[in-house]
Amino acid sequence: MALIKCPECGKEISDKSKVCIHCGYPMEDKSRMCVINGMSYDVSFLLDGSISIPFKAKQLHLLTQCDLKDCIDKTRMIVEKNEIPQTLYIKQQTIENNEDIPKCPKCGSSNIQSTNRGFSLVTGFIGSGSPRNVCLKCGFKWKPGGWNEALQKDLNRR
């Protein structure tokens with residue numbers, strides 16, 4: 001047991017006391033720390049009654065960069081119990097398994113830019129407005145939805 005100074009009155013009190021014996025200042029830590037996936041976070045906002053559950057879940061998702069669906073489930077559990085656990089596991093957000101992210105058919109990179117085809121000396125402006133996907137890693141170009149033919153042509157050139 002050690003003596004600490006009260007932040008309100010400055011007098012020495014025990015570090016185990018919940019309130020200052022001199023002025024009544026609450027010594028209990030206002031922040032609620034929780035270890036989520038091995039990292040410590042202040043999640044005291046989860047017990048705030050003035051914030052809606054979807055907003056709390058979104059804040060938890062932004063704070064931990066974990067899966068949003070699992071953040072919603074964990075937030076509901078915490079709000080129902082009205083207690084923050086010391087440790088919590090939330091599924092990690094997996095970008096590799098997300099099929100909504102386009103990838104280069106040649107190298108598999110997700111660093112892709114969509115551009116228009118542009119002007120050609122042979123065809124002029126014909127087809128210049130058609131979209132093309134370009135991999136910024138390997139330089140491979142293909143039509144959206146037509147990557148199979150473009151990849152086959154590229155492989156035949158070699």
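**Close-up views of a predicted model**

**View 1. The fold, read from end to end.** Following the sequence, the chain runs through the pattern β-β-β-β-α-α-β-β-β-β-α. The model shown here is predicted. In total, the chain holds three helices and eight strands.

**View 2. Surface and interior of the chain.** Here we turn to burial and contacts. Of the chain's 158 residues, 23% count as buried. The exposed surface comes to about 11,500 Å², and carbon and sulfur atoms supply 51% of that area. As for contacts between residues at least 6 apart in sequence, 29% join residues at least 24 apart.

View 3. How many disulfides does the model contain? With a pair of cysteine sulfur atoms counted as a disulfide when they lie within 2.5 Å, the count is zero. Cys71 is accordingly in no disulfide, and the nearest cysteine sulfur, 5.5 Å away, belongs to Cys66. Is Cys71 buried or exposed? Its relative accessibility is 0%, so Cys71 counts as buried.

**View 4. Cys104 and Cys138.** Which cysteine has the sulfur closest to that of Cys104? That sulfur is in Cys138, 3.7 Å away, which is too far for a bond. Cys104 has a relative accessible area of 4% and is therefore buried.

How values were computed:
Residues are numbered from 1 along each chain as its sequence is written. This is a predicted model: local features need pLDDT of at least 70, side-chain atom pairs count only at pLDDT 80 or more; totals for chains, interfaces and linings use all residues. Side-chain values use heavy atoms; hydrogens and water are left out. Helices (H or I, at least four residues) and strands (E, at least two) are DSSP runs, numbered from the N terminus. Buried means under 20% relative accessible area, exposed over 50%, partly exposed in between (1.4 Å probe, protein chains only). Contact means heavy atoms within 4.5 Å. Accessible areas come from the Shrake-Rupley method with a 1.4 Å probe; for residues, only the protein chains shown count as cover.
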